[in-house]
Amino acid sequence: MIDAQTKLYGVIGNPVQHSLSPAIHNGAFKRLGWNAVYLAFEVKHVERALEGIRGLGLKGVSVTLHLKQK
């Protein structure tokens with residue numbers, strides 16, 4: 001169950017819909033009994049996304065190749 005204590009992780013990219021990361025990470029979180037969720041975020045503005053990640057307190061973020069090039 002997602003609640004106020006749930007830790008948030010994600011992958012950012014554009015495109016990101018193809019990413020298997022949410023399924024892989026959420027499966028691992030469930031098996032480990034972690035109160036965490038991993039989401040995919042489509043990002044159009046990298047700088048704004050980084051501000052949002054910090055502001056929301058995400059615990060970790062993966063980056064797709066497209067954004068790594070920027």
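Thr 64 sits in the loop between β3 and α3 (65–69); helices here are DSSP runs of H or I with at least four residues, strands are runs of E with at least two, and both are numbered from the N terminus. This is a predicted model, in which local features need pLDDT of at least 70 and side-chain atom pairs count only at pLDDT 80 or more, while totals for chains, interfaces and linings use all residues. Residues are numbered from 1 along each chain as its sequence is written, and side-chain values use heavy atoms, with hydrogens and water left out.

So what does Thr 64 touch? Leaving aside residues up to four places away in sequence, Thr 64 touches Val 11, Ile 12, Gly 13, Asn 14, Pro 15 and Val 16, a contact being heavy atoms within 4.5 Å. Thr 64 has a relative accessible area of 13%, so it counts as buried (under 20%; exposed is over 50%, partly exposed in between, with a 1.4 Å probe and protein chains only).

Two of those contacts, Asn 14 and Pro 15, are joined by a cis peptide bond, with omega near 10°. Pro 15 itself lies in the loop between β1 (7–13) and α1 (21–32).

Val 61 in β3 is the bridge partner of Gly 10. β1 also pairs with β2 (residues 36–42), again parallel, over 7 bridges, and there Lys 7 has Ala 36 as its bridge partner.

Finally, β1, α1 and β2 form a right-handed β-α-β unit: with the strands pointing away from the viewer, the path from the first strand over the helix to the second runs clockwise.

Conventions
Pairing = 2+ DSSP bridges.
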